Amino acid sequence: MKRLMIFLRDYKVESVLAPLFKLLEAFFELLVPLVMAGIIDKGIADKDMGYIGRMGFYLLALGIVGLVSSITAQFFAAKAAVGFSTKLRQALFDHIQSLDFTNIDKAGPSTMITRMTSDVNQVQNGVNMVLRLFLRSPIIVFGAMIMAFTIDVKSALVFVVAIPLLAIVVFGIMLCTIPLYKKVQSHLDKVLGITRENLTGVRVIRAFHKEKEEEERFQESNRALAAMQMFVGRISACMNPVTYVIVNGAIIALIYIGAIQVNIGNLTQGEVVAILNYMSQILVELIKLANLIILITKALASADRVASVFAIGNGETSVQAAQGMEDRMAFRQYPAGKEPFLAFDHVSLTYQGAGAETLHDMNFTVNRGETVGIIGGTGSGKTSLVNLIPGFYPVTEGGIYLEGKNIRSMSEEELRRRVGMVPQKAVLFKGTIRSNLKWGKEDATDEELWRAIDLAQAREVVEGKDGQLDAQIAQNGKNLSGGQRQRLTIARALVRKPEILILDDSASALDYATDAKLRTALRTIEAETTVFIVSQRASSIRHADKIIVLDDGEIAGIGTHGELLQNCTVYQEIYYSQYSREEQSAL
């Protein structure tokens, strides 16, 4: 929780004023029993209506001032809590955006969503209530005890016994429930994860008629969450009845002792009523404090979960020159200034937690303007290979060099600016076609947008929509077909005019004719852009300047289409199996 308190530093004034006004309210509330005692002992006993009227006016004034103080305190507390949660949520979002793919994969999106929403809301409520009640309730409790001692020491000894017992109950239950609330939030992560899977995969679930199985899986997880919540709820629920028993037992003792004291003349009736009022104030405040403790317990558990996200780091920073890493390429056979445009120097990749290497000893060079095809069987490491170029995952061995400079010594902004990436899954965001394409280049002109659209063979898609560039796109591009989404994501990458363009199986939804037109259009930009094409289709990469064939995470062959047909068994198997099918479909 301490780590998160830095987000309150812009609300120092509100964080001080809120409890101060609550203390002011508490001070006026502690005066009420004394005024009531005066009314009973003097006004009613002496039948002095003027005194009763004056004291009644004082009670009204105390009530009004207390109300104003309470409203003011709640205003400042709410302002501080909402501002705190706003800054915390923004910082959490920014941190998640800065994480590399390894850490995002490790944490999981459902956990991140829960911590940014439910957990941050719990922390916000905790901050709000702490500012309002955390000082007020103890002041009322101990202030009432002190005021009782000023009236009668013997009667006030009941407070000395009751308050420690109450403290043991409250803090004992708090210590028991803090770890349990953490488990509750973990179960909530699982429920959210299942919900997210079902919402994103609803078509697959219905296609395989798995609705009942998924309902049962959700119910099982939901029941586990409900059982944990009920268990911790039962423990928390013990707080109120136990405190009621202790306080009401103390009230009985006070009435008994007070009656004896009144009979022997040591106390007046008004003083007994004042002491009982103080005990009633303690009862009310302890109920509030008990509920506050429960809320604080939830907030602390959630705060730990939020802080754990901030503790997730990217490991080594991208700038490592200070640690002795050589910026210049390790290939000594190339003189300075003559290095290849892009080079993989014996690169290996092992995903965190994986039992074996995903890529092993990737060693090849690429010249500027070349088109490089990457092909291989399912799980051969094609996507993993191209994900290393923009630095999505750090290499575990070797190095990747761009114009002789290790990409890990380059800033993330510089590297991503030079690389255009079209991932396997075409992702578009809610907005217009124009706003989506401008992700590639914020200040792109309409002419640049249309050029990218033409290169991506997406003109008919855009012109077929009302408003064309200003046509609306639904969330995740749900109002577009798979092929339309793919072409627009390719156009988005082309708008940037990147030095390296990576097409990761991004034309899989296109028909052969459109795919051929796209490849022809991409050849017109070869002089200025180095293109990587990942594809399952041999026809998509057969005209590439260089084809890299992967097999189980290793390079099975590198060369042109003709060369690989002569000397690469893996490529021969892929090509001839597809070629025969294409021939048969053409007949």
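Which residue forms a salt bridge with E197? The partner is R217. This report starts from that pair and then moves through the rest of the model, which is predicted.

## The E197 pair

In the salt bridge between E197 and R217, the closest N and O atoms are 2.8 Å apart. E197 lies in helix α6 (residues 153-200), and R217 lies in helix α8 (residues 211-237). The pair therefore ties together parts that are 20 residues apart in sequence.

## Other salt bridges

A search of the whole structure turns up 18 salt bridges. Some share partners: R368, E403, E414, R418 and E499 are joined into one network in this way.

D119 and R305 make another salt bridge, with an N to O distance of 2.9 Å. D119 sits in helix α4 (residues 109-134) and R305 in helix α10 (residues 269-311), so this pair links parts that are 186 residues apart in sequence. Both D119 and R305 are buried.

E25 has 12% relative accessibility and K22 has 5%. Each counts as buried because its value is under 20%.

## A four-strand sheet

Four strands build an open sheet in the order β2-β1-β4-β5. The pairing is antiparallel. β2 (359-366) and β5 (405-406) stand at the edges. Each has a single partner strand, so one side of each is left without a neighbour in the sheet.

Inside this sheet, strand β1 (residues 342-349) pairs with strand β4 (residues 397-402) over five bridges. The two run in the antiparallel sense. As a landmark, look for S348, which stands opposite E397 in β4.

## A covered strand

Are the faces of strand β6 (residues 419-422) buried or exposed? Both faces are covered. V419 and M421 are on one side, G420 and V422 are on the other, and all four are buried.

Strand β6 has a parallel partner. Four bridges join β6 to strand β9 (residues 500-504). Across this pairing, V422 stands opposite L503 in β9.

## Two buried residues

K546 is placed in strand β11. Its relative accessibility is 15%, so K546 counts as buried. Which residues does K546 touch, not counting those up to four places away in sequence? They are T365, V366, E370, T371, V372, G373, I558 and G559.

P340 is found in a loop, the one between α10 and β1. P340 counts as buried, at 4% relative accessibility. L199 is 141 residues from P340 along the chain, and the C-alpha atoms of these two residues are separated by 46 Å.

## A patch on the surface

Three nonpolar residues, L60, I64 and V68, form a patch on the surface. Together they have about 280 Å² of accessible area.

V68 is part of helix α2 (residues 49-98). With a relative accessible area of 48%, V68 is partly exposed.

## Confidence in the model

How confident is the predictor? The chain averages a pLDDT of 80. Of the residues, 93% score at least 70.

Over residues 316-332 the pLDDT is below 50. Beyond near neighbours in sequence, this stretch has 41 contacts in the model.

Technical notes
Residues are numbered from 1 along each chain as its sequence is written. This is a predicted model: local features need pLDDT of at least 70, side-chain atom pairs count only at pLDDT 80 or more; totals for chains, interfaces and linings use all residues. Side-chain values use heavy atoms; hydrogens and water are left out. Two strands pair if DSSP finds at least two bridges between them. Patches are made of residues with over 30% relative accessible area and no salt bridge: like charges are joined within 9 Å, nonpolar side chains (Val, Leu, Ile, Met, Phe, Trp, Tyr) within 5 Å. Accessible areas come from the Shrake-Rupley method with a 1.4 Å probe; for residues, only the protein chains shown count as cover. A salt bridge is a side-chain nitrogen of Lys or Arg within 4 Å of a carboxyl oxygen of Asp or Glu. Buried means under 20% relative accessible area, exposed over 50%, partly exposed in between (1.4 Å probe, protein chains only). pLDDT is the predictor's confidence in each residue, from 0 to 100. Contact means heavy atoms within 4.5 Å.
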